[in-house]
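Please look at the model first.

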Amino acid sequence: MASSKQIAPPLEDAKIPVKIKLAALWTSLMLCYVYGDYFGLYVPGKLQNMTDGRMGPLGAVTEGVLIGTAIMMAIPALMVFLSLAMKPVLSRWVNVLLGLVYAAIMMLTMPGAWRFYQLLGVIEILLSLTIVVLALRWPRHAP
């Protein structure tokens, strides 16, 4: 007896442009940063340090520390848009440079941290290095 079941056609898999992949990676990276900082509020003593005006290894909270931290966090957020808006050659090198910088920042901040932060840190490093590799492998148009 012949089967009357029809085989479903394969699912469509659209080619995603590099710019959109980079923007998505920066978005994922930012979400991990936000969740890591949010979950960090549950670490005993963290809120007391905030109330006392201390910011972890950065020490006393000053206007300069807050501006520096804001800049450090604004750059990846801006890269979501800039990865889409910049010309490919500029975008490639900015993504490589910043991907390496943010991977290094995570490597420096992870030692001695709680395991949830280390887990997110590993994910953040992998996302940052994926940005670097994707930018370095940016396809070229044939002449």
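Helix α1 (residues 18–40) packs with α4 at an angle of about 25°, and their axes are 12 Å apart. That makes α1 roughly parallel to α4 (angles under 35 degrees count as roughly parallel). The model is predicted: local features need pLDDT of at least 70, side-chain atom pairs count only at pLDDT 80 or more, and totals for chains, interfaces and linings use all residues. Residues are numbered from 1 along each chain as its sequence is written, and side-chain values use heavy atoms, with hydrogens and water left out.

**Terms for the helices**
- Helices are DSSP runs (H or I, at least four residues), numbered from the N terminus.
- Axes are lines fitted to C-alpha atoms over the stretch in contact, and angles run from 0 to 180 degrees between N-to-C directions.

**α1 with α4**
- From α1, Lys19, Leu22, Trp26 and Tyr33 meet Pro88, Ser91, Asn95, Leu98, Gly99, Tyr102 and Met106 of α4. Contact means heavy atoms within 4.5 Å.
- By class, this contact has seven nonpolar, three polar and one charged residues. Ala, Val, Leu, Ile, Met, Phe, Trp, Tyr, Cys and Pro count as nonpolar, Asp, Glu, Lys and Arg as charged, and the others, Gly among them, as polar.

**α3 with α4**
- The axes of α3 (residues 63–85) and α4 (residues 88–109) come within 11 Å and cross at roughly 145°.
- This crossing of α3 past α4 is left-handed.
- On the α3 side, Ile71, Met72, Met73, Ile75, Pro76, Met79 and Ser83 make the contact; on the α4 side, Ser91, Val94, Asn95, Leu98, Tyr102 and Ile105 do.
- By class, the contact of α3 with α4 has 10 nonpolar, three polar and no charged residues.

**Methionine 86**
- Methionine 86 sits in the loop between α3 and α4.
- Leaving out residues up to four places away in sequence, methionine 86 touches Lys19, Met79, Ser91 and Val94.
- Methionine 86 and lysine 19 are 67 residues apart along the chain, and their C-alpha atoms are separated by 9.0 Å.

**Charge pairing**
- The count is one salt bridge (a side-chain nitrogen of Lys or Arg within 4 Å of a carboxyl oxygen of Asp or Glu).
- Aspartate 52 and arginine 54 meet through their side chains in a salt bridge, at 3.4 Å, N to O.

Technical notes: Helix = DSSP H or I, 4+ residues; strand = E, 2+ residues; numbered from the N terminus. Left-handed = near helix turned anticlockwise from the far one by under 90°. Parallel < 35°, antiparallel > 145°, perpendicular 65-115°, else oblique.
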